[in-house]
Amino acid sequence: RAREAAAGFPDDPFVQYELGLAHARRNDMAAAAQAFDRATQADPRFAYAYYSGGLAYDRLNRSDLTIARLEMFARLAPDAPERPEVASILQTVRGR
């Protein structure tokens, strides 16, 4: 159902984000990452789409994309409660 909804609203960042979450719950990280990227393309200030995309790319072992997404999240949401987790992930990924 999420794919059908997303197809009807390709430029809606929230619909694309929800599709990404649905893919992540099904453990389809490649599709989740693509949906989160579509959400950020539709709204470049959607911090949590970058965060979720970073987590998805981390699961896909794409260090370059993990770093890019999580750094953008940190810039957009400097006071987010996820900051310590993001800092830890970035430190780990950069050390690979």
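A word on the source before anything else: what you see is a predicted model.

I will start with the overall architecture. The protein chain contains six helices and zero strands. Reading along the sequence therefore gives the pattern α-α-α-α-α-α. Along the principal axes, the C-alpha trace spans about 40 × 25 × 20 Å.

Next, burial and surface. Of the 96 residues, 45% are buried. The accessible surface of the protein chain is about 5,700 Å², and carbon and sulfur atoms account for 50% of that. On contacts, take the pairs at least 6 apart in sequence: 41% of those join residues at least 24 apart.

Charge comes next. There are 13 positive and 13 negative side chains in the protein chain. The centres of the two sets lie 4 Å apart.

How many does a search of the whole structure find? The count is four, and I will go through some of them.

Take Arg69 and Asp37. Their side chains meet in a salt bridge, at 3.0 Å from N to O. Arg69 belongs to helix α5 and Asp37 to helix α3, so this pair ties together parts that are 32 residues apart in sequence. Buried or exposed, these two? Both Arg69 and Asp37 are buried.

Now Arg96 and Asp58. These two form a salt bridge as well, with 2.8 Å between the closest N and O atoms. This pair also links distant parts of the chain, 38 residues apart: Arg96 is in the segment after α6, which covers 83–94, and Asp58 is in helix α4. Arg96 has a relative accessible area of 53%, so Arg96 counts as exposed, the cut-off being over 50%.

One more pair is Asp64 with Arg62. The side chains meet in a salt bridge at 2.9 Å, N to O. Asp64 has 47% relative accessibility, which makes Asp64 partly exposed. Arg62, with a relative accessible area of 37%, is partly exposed too.

Now to the loops, and two asparagines. Asn27 sits in the loop between α2, residues 13–25, and α3, residues 29–42. Its phi is positive, about 65°, although Asn27 is not a glycine. Asn61 sits in the loop between α4 and α5, the latter being residues 63–76. Here phi is about 60°, again positive in a residue that is not a glycine. Asn61 counts as exposed because its relative accessibility is 59%.

A further loop residue is Pro81, between α5 and α6. Why does Pro81 count as exposed? The reason is its relative accessible area of 69%, where anything over 50% is called exposed. Pro81 and Gln34 are 47 residues apart along the chain, and their C-alpha atoms are separated by 25 Å.

Finally, two residues inside helices. Ser52 is in helix α4, which runs over residues 47–59. Ser52 counts as buried because its relative accessibility is 9%, and the cut-off for buried is under 20%. What does Ser52 touch, once residues up to four places away in sequence are not counted? The answer is Tyr17, Leu21 and Phe36.

The other one is Arg38, in helix α3. Arg38 is partly exposed, at a relative accessible area of 31%. Leaving aside neighbours within four places in sequence, Arg38 is in contact with Gln16 and Leu19. The C-alpha atoms of Arg38 and Pro13 are 7.1 Å apart, and the two residues are 25 apart along the chain.

To recap: the chain is made of six helices with zero strands, and four salt bridges are found in the whole structure. Among them are the buried pair Arg69 and Asp37, and the pair of Arg96 and Asp58, which links distant parts of the chain. That is all I have.

Key. Residues are numbered from 1 along each chain as its sequence is written. This is a predicted model: local features need pLDDT of at least 70, side-chain atom pairs count only at pLDDT 80 or more; totals for chains, interfaces and linings use all residues. Side-chain values use heavy atoms; hydrogens and water are left out. Helices (H or I, at least four residues) and strands (E, at least two) are DSSP runs, numbered from the N terminus. Buried means under 20% relative accessible area, exposed over 50%, partly exposed in between (1.4 Å probe, protein chains only). Contact means heavy atoms within 4.5 Å. Accessible areas come from the Shrake-Rupley method with a 1.4 Å probe; for residues, only the protein chains shown count as cover. Lys and Arg count as positive and Asp and Glu as negative; His and the chain ends are not counted. The place of a charge is taken as NZ of Lys, CZ of Arg, CG of Asp or CD of Glu.
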